[in-house]
Every structure is written in C-alpha cells, then in structure tokens.
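Before reading on, turn the model around and trace the chain from one end to the other. The paragraphs below then go through it part by part.

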Amino acid sequence: MKKLKILFLAAVLCLGLQNLFAFNVDKTTIKNPELFGIQFPDGTTFFGNARSVLSISIQSYIVMGSNAMMTEIVIDIAGSKSQLRIYNAQLLDNNYIAKIAKEKAPINNSAYEKLVDNVNEKAENVKKVQNANFSKVLDLKNVVVKNYPNATHAHTLEYYIPDIDELYAFYDSITYDFTRTEKLLPSSSTSSSTSQEQKTEPTLSKRYYKFKLNDDEKVK
C-alpha cells in the first residue's frame, strides 16, 4: 500500500512538472485589467491593450520554392501599424505529400495511381534540391527572416514557435478568451447608472499566454 502511494505521488509530481513546462495561461501576474501579454519560447514578451484586439486568425500554406508548410496566427491591433504574427514552419515529409496526392487522386484511375506511386521518389528529389539556407533557418530556434522592404511581413512583429502543438494550444486558448462574453465591472458608488454606462472588462483582460520556454531559457 505504501509503495502504491509513493508511485501515485511520483506520477502526480511528473504530471505537475510536465504542465509547468507546457503552454499555459497565467491569470495572476498581470495586474492591469486593460492589458494582456504573451511570453515566447526564447523568453521575449509582448504586451498589448486588451480592448484593442480587432481580429485573430490562423492559416497554413506551403512556401513557394520549397516543401515547407507554414502555420501562422495573425493578431490585428487597433491603432498599430504592425500586425502580430506568430508562426511555425515545418518541412513536409514524403509521407505527407503522398497522403495529399492520394486524397486528391480519383478512385480506380490507373493513371493517377501510377502518379501516386511515384510521389515518394519525386518528393525525395525535391527535398535534395530545396533551398539549403532555408533548411538551416528552420533548424534554428526562434529565428525570423525578413526581406526589407519588399516582404509583406516588413510591417509585422514576428515570433517563431518551434512546437506546432503549442501554437495550436495558444490559438485555442486566445480565441476562446477573445470570443467569450464580457463581464460587467462593478458600478462606481459615486456614479449614477442613468448618467454613465456600466463598463465591461476586456475579454483578454490580464491574460498572460506563456509558451514553453526553450531549455536554455529554463536554466536562467
């Protein structure tokens, strides 16, 4: 029985440590109800006005000239010339390319079946001639590359998230908060409800979204 208790406590401790280093939402650090914040894997942070977020969107696309899949979240903030872009980049493997080809191919069509059979070979050739510099960039943590002034991303604040599951967890969390019903703030005792509208708390109020820190940041 004692052994079982020790194993149970060890499991709880491991689970707690796992959660400690995973994406989470801190609702106590930020004291100003008008602000929200984001902490990124490299330890850098972003803080913004919780009432100024206009839209939050996500999309995935393949980068032209490479076999890289980009998944990005864009947050538009009122009054700011820059968008907030948070993204992940992954090199597509042969199995993924073959899967897409099979999904798009008509059933019982020998010509398409022959094409699908050659997908892995073609994909391997593409992988060999892909942009070597781009591949090296993807291997680095938190590296953002911009082409000023030609890139459309020249006017964005950009952050790279190595773990795509963390990126999706962040999107689910922030959109849940963004779309929830605003809470009414307590009315001021010195104000008349007929002369002043009751204020609401921003839906992102005091939310501090924290990505899992990189190993080199955890030890600081």
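In which element of the protein chain is confidence lowest, and in which is confidence highest? Helix α1 (residues 2-20) has the lowest, with a mean of 48, while β10 has the highest, at 98. The score is pLDDT, the predictor's confidence in each residue, from 0 to 100. Helices (H or I, at least four residues) and strands (E, at least two) are DSSP runs, numbered from the N terminus. Over the protein chain the pLDDT averages 75, and 54% of the residues score at least 70. For residues 10-19 the pLDDT is below 50, and beyond near neighbours in sequence this stretch has zero contacts in the model. A contact means heavy atoms within 4.5 Å.

This is a predicted model, in which local features need pLDDT of at least 70 and side-chain atom pairs count only at pLDDT 80 or more, whereas totals for chains, interfaces and linings use all residues. Residues are numbered from 1 along each chain as its sequence is written, and side-chain values use heavy atoms, with hydrogens and water left out.

Next comes the sheet. Four strands form an open sheet with mixed pairing, in the order β4-β5-β6-β7; two strands pair if DSSP finds at least two bridges between them. β4 (53-62) and β7 (156-160) stand at the edges with a single partner strand each, so one side of each is left without a neighbour in the sheet. On average, neighbouring strands of this sheet are turned by 20° against each other, direction ignored. β6 (residues 83-91) and β7 run parallel and are joined by five bridges. Here R85 stands opposite E158 in β7.

Helix α6 (residues 164-179) lies across β4, β5 (68-77) and β6, and runs at about 150° to β4. Such angles run from 0 to 180 degrees between N-to-C directions, with axes as lines fitted to C-alpha atoms, for helices over the stretch in contact.

The largest nonpolar core has 22 residues, and I38, I75, I86 and F170 have the most contacts inside it. A nonpolar core is a set of buried Ala, Val, Leu, Ile, Met, Phe, Trp, Tyr and Cys residues joined through side-chain atoms within 4.5 Å. α6 gives the most to this core, with four residues. I86 touches residues including I38, F40, I73, L167 and F170.

Last, R207 lies in the loop between β9 (200-201) and β10 (208-210). R207 is buried, with a relative accessible area of 11%; buried means under 20%, exposed over 50%, partly exposed in between (1.4 Å probe, protein chains only). Among the residues that R207 touches are D26, F36 and D177.

Note on methods
Lists of a residue's contacts leave out its neighbours within four places in sequence.
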